[in-house]
Amino acid sequence: MAKPKQKKYDIINKMLDGDNIFEDTREPSATVKLITLISKIIVVIVIFGLFCFGVGIFLVGGCKIIKELEIHEEGYFQYVIVGENNRNPDKDNSAVVAIVGFTESGTQQEIIEFPREINGIPVQYIGYRDYSTFQESFYHLKSANLKKVYVHDNIKLVCREAFWYFGENEQDLEIMICAPRSPYRIFIEHNYGEFYTYKSLFDSESFNENVYWGNIVFMNNYSEEINGGYYSLDNISVGERIPAPFTAPERNGYEFTGWYKEPECINKWDFETSPVIDVDTEFRLYAGWRSI
């Protein structure tokens, strides 16, 4: 009867030591080992299948994006249609335009104004990410003849590397930022070109050495709530004539009558003459309006 008693004491000792008294210390049978191996193989196959499925969905989605970013042409510009808050227009209620290049006729121009809309679709971006590659890359606007561009308040962002071509080829490019916003809020990581903005708005701010004050300012002359009252910007050298804006301003219920030297619209400006502009000052012209 001593053996059962000893076994009893062994169990008690295990419990006192915190050991699991129900642990099975027997070697698993060959059948159990086989079932365990098969289970692990099945788990690996399932995980691999899910991975392949995810990659397939990504590739199909990628192809869909590439298809939707088909490059269109209109006038001087090549562009893609994207969502306002999402690159996929199908997932966004409002489509917008991103200008990603110049057409053949566009590359012949020395001066270009980026439009506010193309075929009724608002233009919000200059440049855009190129989704035809899995690596991060961007569209480059290229032109050997371009010397000056005008960027208006409709442009939400000039994407990185949009004007990379001009810096790479050491080609001078004047960029007129006609929007009453800081250049650093429109142009991201751009270290090439000469940027011109409004001295009267940003005189107290510190900019890099490639940001200058434009000396010609066109005012909409009816409301400071519309872009702070500013319509367009330019910069000319001594003896040069002021280039008239490419497009005339618009105002509901009014007809534009021209550009004047004073807000009261008494003396109409003659664009065949050259103004006298003091250093570090703005020469202002004011839009004239007639009720209709």
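**Salt bridges, burial and confidence**

Author: Let's start with lysine 147, which counts as partly exposed because its relative accessibility is 49%. (Buried means under 20% relative accessible area, exposed over 50%, and partly exposed in between, with a 1.4 Å probe and protein chains only.)

Reader: Before we go on, what kind of model is this?
Author: A predicted one: local features need pLDDT of at least 70, side-chain atom pairs count only at pLDDT 80 or more, and totals for chains, interfaces and linings use all residues. Residues are numbered from 1 along each chain as its sequence is written, and side-chain values use heavy atoms, leaving out hydrogens and water.

Reader: Which residue forms a salt bridge with lysine 147?
Author: A salt bridge is a side-chain nitrogen of Lys or Arg within 4 Å of a carboxyl oxygen of Asp or Glu. Here the partner of lysine 147 is glutamate 110, with the closest N and O atoms 3.9 Å apart. Lysine 147 sits in the loop between strands S6 and S7 and glutamate 110 in the loop between strands S3 and S4, so the pair ties together parts 37 residues apart in sequence. (Strands are DSSP runs of E, at least two residues, and helices runs of H or I, at least four; both are numbered from the N terminus.)

Reader: How many salt bridges does the structure hold?
Author: There are 8. Another one joins lysine 148 to aspartate 234, at 2.9 Å between the closest N and O atoms. That pair links strand S7 with strand S13, 86 residues apart.

Reader: Are lysine 148 and aspartate 234 buried or exposed?
Author: Both are buried. They also belong to a salt-bridge network with Glu174.

Reader: What about tyrosine 231, buried or exposed?
Author: Tyrosine 231 has 9% relative accessibility, so it counts as buried. It's in strand S13, residues 230-234. Contact means heavy atoms within 4.5 Å, and beyond four places in sequence the contacts of tyrosine 231 include Arg116, His152, Phe218 and Trp259. Its side chain also reaches the backbone oxygen of threonine 247 at 2.8 Å.

Reader: Last one: what is the mean pLDDT of the chain?
Author: pLDDT is the predictor's confidence in each residue, from 0 to 100. The chain's mean is 81, and 78% of its residues reach 70 or more. Over residues 60-68, though, pLDDT is below 50. Where pLDDT is low, the predicted coordinates should not be read in detail.

Definitions and conventions
Polar contact = N/O pair within 3.5 Å; in protein donor to acceptor, adjacent residues only side chain to side chain.
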